[in-house]
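Q: Could you take a close look at the open sheet in this model, and explain with care how its strands are arranged and what lies against them?

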Amino acid sequence: MIFSRSPGVPQDWRTLAVQRDVLVAAHTLTSLARLEDIVPLFESDPRIQVRYTQVPDALGNDVDQWLRQRRVSVVPWPVERRFDLVIGVSLHRLGDIPANRKMAVPHGAGFTKLWPEWSRPMMGGTRPVYGLDRRSLLDGRGRPVLDALVLPHAEHLTTLRRQCPEAERTAVVAGDPCLDRLVGCAGERERYRAALGVRGGQVLVVVASTWGPHSLLGARRDLLTRLPAELPGDHRVIATAHPAVWSAHGVRQVHQALRDVRAAGVDLVDAGEDWRGLVTAADVVVGDHGSVTAYAAAAGIPVLFGHFPDGEVAEGSVMAALAGCGPRVRDGVSLSEQVRAAREAGAEQGRIVRGRVAARLGVSGEALREVVYRLLGLAEPDEAAGWPAVDVPSLVRD
C-alpha cells in the first residue's frame, strides 16, 4: 500500500512530521457528534494530519458553522486529493471520496431502524435495516465501499449476513464509544445536576425526542406541556431534541415553535449540545425509538416510552426488546404514576438492554484505535486511549 504525503501541503512547509492523512467526512451535526468520539483517539498523534470535509446532505445545516468554531482544517467538496483514510458515520457518498482505506461507524445505538416507507420501490418492496443493506454498503459494481464497518455488537453480524453478505469481511465488532463515554459520566452525576440547576431532592425527568413525524416531538408533542403540569412540584423537566430537528427547521424556528413548551415549565437543551451529561443527571427518561432512549436504559437510567412506532424498528433489535418491556405512556392514567412506575422498572430494563447495545463495554476506545492504526499501517502510541470529559449541555435562554 502506498500512503500519501500530506496532500496539498508542500513538504518544505510542514512543521509536524506528518506520515498519514486522515479525512473526516462530516454529513450532519449528528454524524459530527459521533465522530467526536473517534477523532480524539488519534488526533494528538503528530504523525497524523486530520482534515474535515462537509459532505452534501439534506440535513447538513450548521455543519460549516461547527467546523469554523472548532477551527479544524477543512477540505472543500468535492474532494480531489487522495487520503490515506476517510472516516464517516453516514454512508452517503463515502464512495465518492478518494482514499486508500475507508471506515464507517454507526451514528446511533447500533442498527435498529428500517429504511423509511418511501424506500420500498427502490428496495424491491422490502424495508431492510438501514446501514446494513446492499444499497448502503456496495458500490455500483457490487463491491464493498468500506474496508472497516464498525459494529457495536456481534448480533448485527446476523443482519449483515442476511442483507449484505458481501460486506461481512469488512465488519469489526468494537463496542460503542458513545455508551462508554456515557457510562464514564456516572461518577460526575452530581456535578451535572448542579450545573443544570437541579436542586437537592428534585426528580429530573428528561424528555428525549428523535426526529421526523414518528418521533415523540412529532407525534406526542402534548406530553411536553402535560409533564410539568401533571408532575409533583419536586420534579424538573428538561427536553433534548435530535440534531436533525434543528437542522431541518432552523435553530430560531425551533426556539419559537417550542416557546409554549418552555412557558409551560420545560427547559430545552440548545442546538448542538451533548445530551450525555443531561441523561447522566436524569432520574428517568421519557423517550421514543431514538438512540438516546436505548443508551439511557443501558446506562441504568429508567425509561418511559412517550411514543413508540413499532413499524419503524427492526424486529429482534435491542430497541424492539426495550420497547417490549416498556412501560409506555397510557392515556387516561396519571403521568406522575407512570413516571413512578418507569423508575421502578429501570433495573429490569437495564438487564435486558445493557449487554446488547455493546458487546465490549468499556474497551471501545482501545478497539477503535487499533482499527484506525491498522488501516493506516502505523504502530499505536504507548499511552492508553481515552476521551476528554463530556461537557455540561447549555439550555436555551431568552
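A: Two strands are said to pair if DSSP finds at least two bridges between them, and strands (E, at least two residues) as well as helices (H or I, at least four) are DSSP runs, numbered from the N terminus. This is a predicted model, in which local features need pLDDT of at least 70 and side-chain atom pairs count only at pLDDT 80 or more, while totals for chains, interfaces and linings use all residues. Residues are numbered from 1 along each chain as its sequence is written, and side-chain values use heavy atoms, with hydrogens and water left out.

The open sheet is formed by 5 strands in the order β9-β8-β7-β10-β11, with parallel pairing. In general, strands of a sheet pair through backbone hydrogen bonds, either parallel or antiparallel. At the edges stand β9 (266-268) and β11 (303-305), each of which has a single partner strand, so one side of each is left without a neighbour in the sheet. From one strand to the next, the twist averages 25 degrees.

β7 and β10 run parallel and are joined by 3 bridges, and valine 207 has valine 286 in β10 as its bridge partner. With β11, β10 likewise pairs in the parallel sense over 3 bridges, and here valine 286 stands opposite leucine 304 in β11. Both faces of β10 are covered, since Val284 and Val286 on one side and Val285 and Gly287 on the other are all buried, where buried means under 20% relative accessible area, exposed over 50% and partly exposed in between (1.4 Å probe, protein chains only).

Helix α15 packs on the sheet, where it touches β7 (203-209), β10 and β11, and its direction makes about 120 degrees with that of β11. Contact here means heavy atoms within 4.5 Å, and axes are lines fitted to C-alpha atoms, for helices over the stretch in contact, with angles running from 0 to 180 degrees between N-to-C directions.

Helix α15 (residues 335-357) also has a helix beside it: its axis and that of α14 (residues 318-325) come within 10 Å and cross at roughly 180 degrees. That makes α14 roughly antiparallel to α15, a term for angles over 145 degrees, whereas those under 35 count as roughly parallel, 65 to 115 as roughly perpendicular and the rest as oblique. In this contact, Val318, Ala321, Leu322 and Cys325 of α14 meet Gln349, Ile352, Val353, Arg356 and Val357 of α15.
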